[in-house]
Amino acid sequence: MTDHDYMELALRLAARGKGFVSPNPCVGAVVVKDGRVVGKGWHRAFGMPHAEVDAIDDAKDLAEGATLYVTLEPCNHFGKTPPCTHKILASGIRRVVVACPDPHPIAAGGIRFLEQKGLQVESGVLRDQAETLIEDFLWYVTHGSTPFVTLKCAATLDGRIATSTGESRWITNAASRAYGHEIRHQVDAVLVGSGTLHADNPSLTCRISKKKTRDPARVILDTHLSIKENAKVINQTSDAPTILVTGPHAPAAKKERLVQKGVKVLEAGIKDNKLDLSQLMVTLGGMSITSLLIEGGGTVAANALAEGVVNKILYFIAPKLLGGSDGRAVFEGKGVQKLAHAIALHKTAVTFFDTDILVQGYIK
């Protein structure tokens, strides 16, 4: 096996931590000696040992003289846990292969430290894959502690998210919806507007059969605090908070009642008669929300694009036609006037979920 093969294994291990380790990144590690994997580990949850420690403990004495493959530069500072670099030195490992450097100014420096101690260190093996795995963490650290935002859309072939009467269940198939719950599990928060709330009364929880999951925080844009007090997002059992984002003129009495029910109410500014999403991203980032999934509807989706807060698009297309122009569009409101101003996606990929198609890409 090659360095790439061992790093691929480390990346698969790292992915197991997705959804459990935030605001830390998910990291995987493999210890190899004499061509044999003798230790495996990953960062399992926030506050638990880092991947390198987990793998070295798994290898025990066999770590002496071995090679460590790790998906992110080992930390070199005291945080909730001691520096991983010290654990590596104490284990007797002689070579370290790293996928990508750590951009965090506090945690960085592990590669140089290990090299100064005489270890052979190589960096950049499968770097693109490793950075994609922790794209939310990398964005959060390098862009002013604001969340990495994914916009998820689900539409018919003719670009409709609901009929003219508002019926939308279900446009996509069961496989697409199951993947949607997987994405919910991976992010810190999911956001919808009050229109979706009133139309669907969603739970916004994560439900995956036979898998331990974590609910994201539920963020509801509700300018006038119109939410019904018997809504599921307020009354269901969940460890994750419900956050209502409202305007400056929301009724104080209702706000107080909702707070008494355990809801967190945030006041946001108004921009072009809508809640200021750019300001909201700063606020959510200050709450250690590193990743956010926007699930709709059309007005929220269009505003998010217009405000420039979206990093990634997940666009599900169902092979169905509503056959008219009276259904509800994916993006509502005015679009660009010229094709030259259209929002272009890059690093695009296409995946099939049974008969549905997922097109995903990034906004520069």
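Mentor: Six bridges join strand β15 (residues 312-318) to β18, and the two run antiparallel. Strands are DSSP runs of E with at least two residues, helices are runs of H or I with at least four, and both are numbered from the N terminus; two strands pair if DSSP finds at least two bridges between them. This is a predicted model, in which local features need pLDDT of at least 70 and side-chain atom pairs count only at pLDDT 80 or more, while totals for chains, interfaces and linings use all residues. Residues are numbered from 1 along each chain as its sequence is written, and side-chain values use heavy atoms, with hydrogens and water left out.

Trainee: Which residue in β18 stands opposite K312?

Mentor: K312 faces Y362 in β18.

Trainee: How many bridges join β17 to β18?

Mentor: Strand β17 (residues 345-353) is joined to β18 by seven bridges, again antiparallel. In this pairing F353 stands opposite D356. The two strands form a hairpin with two residues between them, and D354 in the turn has a positive phi of about 55 degrees.

Trainee: Why is β18 described as largely enclosed?

Mentor: A residue is buried under 20% relative accessible area, exposed over 50% and partly exposed in between, using a 1.4 Å probe and protein chains only. Six of the eight residues of β18 (residues 356-363) are buried, so the strand is largely enclosed by the rest of the structure.

Trainee: Is T67 buried or exposed?

Mentor: T67 counts as buried because its relative accessibility is 13%. T67 lies in strand β3 (residues 67-72). Leaving aside residues up to four places away in sequence, T67 touches V30, V31, V32, R95 and V97, where contact means heavy atoms within 4.5 Å.

Trainee: What is the volume of the largest pocket, and which residues lie nearest its centre?

Mentor: On a 1 Å grid over the protein atoms alone, a pocket is an open set of points with protein on both sides within 12 Å along at least five of seven lines, and lining residues have an atom within 4 Å of a point. Grid points are joined across faces, edges and corners, and a volume is the space filled by probe spheres set on the points. The largest pocket has a volume of about 1300 Å³. Its lining holds 48 residues, of which T196, D200, E295, G296 and G297 lie nearest the centre. Among the elements that each supply at least two lining residues are α8 (194-200) and β14 (291-296).

Note on methods:
1 Å grid on protein atoms, 1.4 Å probe; cavity = no way out; pocket = protein on both sides within 12 Å on 5 of 7 lines; lining within 4 Å.
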